[in-house]
Amino acid sequence: MFTKPNPGRTTAAAEGEVVLFLLGMRINHFWAPHHWLPVALSMPGMLRELSKDPDSGLMGGQLLTGSPRTYYLVQYWESMDKLMAYAAAPDRRHRRAWALINRFEKNSGQHVGLWHETYIVQPGSYESIYGDMPPYGLAAATGVLPIERRGASARERLARGGERGKRPGEQG
């Protein structure tokens, strides 16, 4: 599906603290799909579950590839508490997937690598600019504002408090 670009320069409408969560896998041995394929296939179910639950705290994200071996997610969360609640909830897919991955890891022979990084980013410690882009990254997760609403320079955008912009798909 093609998303129409926003003309000109825009910025993300993020306000307050943002939790940035990076999660990835690396296929170390292509010839061992019985080890890495279950790991790869566990993610779509979790993403569907999160997308159906607006109270989960997941604001948005993207699946990216760094190479034919490396795949990762960039996710934006409302809070660390909500991210941790999802990760630990016994009735959610993450716990089952994590248990499965732990079992595979014990016998994997290092066929697949896993990693994650979590950043709690305080207000005044992030800014963004998008030129002739559809909503992407933080802007896709939090909404888009004309650049003038936050400042023409990165320094100005970092120094300002946030105004609430429209989330993608919102009217008005």
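Visitor: Which residue in E4 stands opposite Leu64?
Guide: That's Tyr72. Quick heads-up: this is a predicted model, where local features need pLDDT of at least 70 and side-chain atom pairs 80 or more, while totals for chains, interfaces and linings use all residues. Residues are numbered from 1 along each chain as its sequence is written, and side-chain values use heavy atoms, leaving out hydrogens and water.

Visitor: What makes E3 and E4 a pair?
Guide: Two strands pair if DSSP finds at least two bridges between them. E3 (residues 58-65) and E4 have 7 bridges, so they pair, and they run antiparallel. A hairpin of 4 residues joins E3 to E4.

Visitor: Why is E4 called a strand?
Guide: A strand is a DSSP run of E with at least two residues (a helix is a run of H or I with at least four), numbered from the N terminus. E4 covers residues 70-77, so it passes.

Visitor: Which strands does E2 pair with?
Guide: E2 is joined to E5 (residues 112-121) by 10 bridges, and to E4 by 8 bridges. Both pairings are antiparallel. Take Leu22: its bridge partner in E5 is Glu117, and in E4 it is Val74. Met25, meanwhile, stands opposite Tyr71 in E4.

Visitor: How do you know that E2 is largely enclosed?
Guide: In E2 (residues 18-27), 7 of the 10 residues are buried, so the rest of the structure largely encloses this strand. Buried means under 20% relative accessible area (exposed is over 50%, partly exposed in between; 1.4 Å probe, protein chains only).

Visitor: Which residues of H2 are buried?
Guide: In H2 (residues 80-88), Met80, Leu83 and Tyr86 are buried. Looking down the axis of H2, its buried residues fall within an arc of 130°, so they line one face of the helix. That arc is taken from the directions from the helix axis to the C-beta atoms.

Visitor: What makes the lining of the largest pocket nonpolar or polar by class?
Guide: Ala, Val, Leu, Ile, Met, Phe, Trp, Tyr, Cys and Pro count as nonpolar, Asp, Glu, Lys and Arg as charged, and the others, Gly among them, as polar. The lining has 24 nonpolar, 6 polar and no charged residues. H1 (33-51) gives the largest share, 8 residues.

Visitor: Which elements each supply at least two residues of that lining?
Guide: E2, H1, E4, H2, H3 (93-106) and E5.
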